[in-house]
Amino acid sequence: MLEIKNLHCKLEEEDKAILKGVDLTVEAGKVHAIMGPNGSGKSTLSYVLSGRDGYEVTDGSATLLGEDILGMEVEERAAAGMFLAFQYPVEIPGVGNMTFMRTAVNAQRKARGQEEMSSADFLKEVRAKAKDLQIDADMLKRPVNVGFSGGEKKRNEILQMAMLEPKMCIMDETDSGLDVDAMKLVADGVNALRSPDRGFLVITHYQRLLDHIKPDVVHIMYDGRIVKTGGPELALEVEKNGYADIMKESA
Amino acid sequence: MMALPQVKQDATDARLSTLSLPVQDGWTRSARADALSRLTARGLPAARDEYWRFTRPTDLNATEVPGAAPMDESDEAPIFDGIDALTLVFRDGVFDADASDDLRLEGVEISRLASVQGADIHWAKDLYGTLEAKGQDPVWRPFAALNTAFAADGVLIHATGTGTRPICIRYVHEKSDSDPILHHVVKVDEGAAVTLLEAGAPGARFNTVLEADVADTGTFHHVRAQGRNRERRANTHTFGRLGRESVLKSFTLSLNGALTRNEHIVEFTGDNAVAHVAGAAIGDGRIAPFHHDDTVFVTHDAVNCESRQVFKKVLKNGAVGVFQGKILVKPGAQKTDGYQISQALLLDDDSQFLAKPELEIYADDVACSHGSTTGSIDEDMLFYLKARGVPHRRAMDLLVLAFLAESLHEIESDDIAESLRTRLENWLDRHAD
């Protein structure tokens, strides 16, 4: 599904390398988790994959279903099936949440040569999916993320994921700022989307989220590289002992 | 009175020599004469005048009309299409009776200045030129005085009850050198209500004045779309006087225009009244120059009144936006709630926004705020939209519309607001590069 090979990147503005050779393959149907201390490059990896400005890829490659994504525009990556659930979803005053989602869904369909979704069909589907995530009609009507609580913003991310039905979902610290109940709700939403033809990359600091979204593979990232890979037990080890031992091993 | 500086004297004399007073002036005679004496005493503006610092008056002063080819707007539905309104059509300032509806509307008395001004008396006599004259202090507004003196026609609207549908003045611009001067008067009686729409550019260069006197508990809604003509020069004045518990809402949409100066002068004379003046302007300097100036002066001379000024501009390719807005709170105008926001969204480095927000407050128990910002498209918002698959162009348009949304919210009627939003979207579609 997602294949990252020897990915190097630096900040565009200054000569500072962030990713120093990431190798990672996420298979369809699998959930991979990336853990790591602050500043290890986890969020940068998600930004580089989704095409955010400010980073320059200096070496390596990243493909989605065999297609090079690093050369694509941000919106082309989305249409190709890449989805980034933001750590800090952006508030957009003046753009209705519903308008936003319908525009996005239809733009992607159009880019893939599919027929656009009618207003009625869209409304029916978004209402049903919103209900599962306990997103009420008012949240759909309000401007994108404006006045949403932390939990509401994250649920809104999952709703977008559900509507867009991406191939590859990257979740950037989706658990940050969530209480236990909200985390459960978000995790349920994600679990409902797990399917044999969809891959997940879950970036998190803590093992907590992984209690709810059970990963198949856990990676530890440190200083711009994946330094250790294992099963779910690796997350538990980190929870117990912290990153210090792993960092020492890889140093 | 001091003599005018020679340059102003010359400019004023030259311009006056091209204008003539109507032969049959009846009840308007004294108002026109007074306005003319104001104009000769104070003269037309010069580039150095403080009030014209950001907008050069040259094209408005010119004795020869700077040419403006008419714009074919048939590629989209007419402005306010689908709004059931009583329509009056003016072609280059000349009333077109055949294209217009009958002037009868329940709850409202409508007449035309040109057809009734020969009489000795008319209800508009107490108003015509009155609010304009009052609005000349403390700031001189020469083109409004010129308008009162020389207006060739206009619509006189007297709301005695609730107008059953809006009145729409539809302007058609056909001649490239037309220079109409139109003067409208609206009188809203106690408890009465009326909506006035204005659509299109009245001419190549035009000067329009609207005087609106809203009596106690009356309501006046005014929505205007100034047409797409790129070369036109416009100078408009909207004067509002508000009685107790009355409401005035005025909104202007401006797309294109080589020169537009829209002035709003509002005065609260009765307590607990509400006035909202707002505008959205969008200009692309690539094909033709775009210069848009909103100049607003709100005077609070009553207790517990609310005023809002919401002006938004989107500028690209060397377009220029100007905002001069003032809230004056007179002694004793306690509990005044004054709000003023002027914002520009610059889509490139070539465009500019010049703003002069002012507050002048002589009462101690008031809440007044003003803000003025100049910014560019928010990169985080743009990335978020694109990360969901919205193409760059569409994402930019969504953010432009979102930026303008606050001003469109000031429009009372959703249907009317929607019709203007459609115009905006169409404009964005046409300026996709």
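**View 1. Overall build of chain B.** Of the 433 residues in chain B, 54% are buried. The model shown is a predicted one. Chain B contains nine helices and 20 strands. Along the principal axes, the C-alpha atoms of chain B occupy a box of roughly 70 × 50 × 50 Å. Among contacts in chain B with a separation of 6 or more, 85% join residues 24 or more positions apart.

**View 2. The annotated span of chain B.** An unreviewed UniProt entry lists residues 181-403 of chain B as "domain: SUF system FeS cluster assembly SufBD core". This span is 59% strand and 9% helix. The C-alpha atoms at the ends of residues 181-403 of chain B are 33 Å apart.

**View 3. The contact between chain A and chain B.** Chain A contributes 20 residues to the contact, and chain B contributes 19 residues. On the side of chain A that touches chain B, at least two residues come from each of helix H2 (74-80), strand E7 (92-96), helix H3 (97-111) and helix H6 (150-164) of chain A. The most is given by H3(A), with five residues. By residue class, this side of chain A comprises twelve nonpolar, five polar and three charged residues.

**View 4. Packing of H3(A) against H6(A).** Two packed helices are described by the distance between their axes and by the angle that these axes make. For H3(A) and H6(A), the axes are 10 Å apart and the angle is about 30 degrees. The crossing of these two helices, H3(A) and H6(A), is right-handed. From H3(A), the residues Met101(A), Ala104(A), Val105(A) and Gln108(A) meet Gln160(A), Met163(A) and Leu164(A) of H6(A). The residues of this contact of H3(A) with H6(A) comprise five nonpolar and two polar, with no charged.

**View 5. The surroundings of Gly39(A).** Gly39(A) lies in the loop between strand E3 (31-35) and helix H1 (42-50) of chain A. Gly39(A) counts as exposed because it has 12 C-beta neighbours inside 10 Å, and a residue with 12 or fewer is classed as exposed. Gly39(A) and Gly224(A) are 185 residues apart along the chain, and their C-alpha atoms are separated by 8.5 Å.

Notes: Residues are numbered from 1 along each chain as its sequence is written. Chains are lettered from A and ligands numbered from 1 in the order in which they are written. This is a predicted model: local features need pLDDT of at least 70, side-chain atom pairs count only at pLDDT 80 or more; totals for chains, interfaces and linings use all residues. Two residues are in contact if their C-beta atoms, placed from the backbone, lie within 7 Å. Helices (H or I, at least four residues) and strands (E, at least two) are DSSP runs, numbered from the N terminus. Ala, Val, Leu, Ile, Met, Phe, Trp, Tyr, Cys and Pro count as nonpolar, Asp, Glu, Lys and Arg as charged, and the others, Gly among them, as polar. UniProt positions are given in the numbering used here, feature names are shortened, and annotations may be inferred rather than shown by experiment. A residue is buried if 20 or more other C-beta atoms lie within 10 Å of its own, exposed if 12 or fewer, and partly exposed in between; C-beta atoms are placed from the backbone. Axes are lines fitted to C-alpha atoms, for helices over the stretch in contact, and angles run from 0 to 180 degrees between N-to-C directions. A crossing is left-handed if the near helix is turned anticlockwise from the far one by less than a right angle, and right-handed if clockwise.
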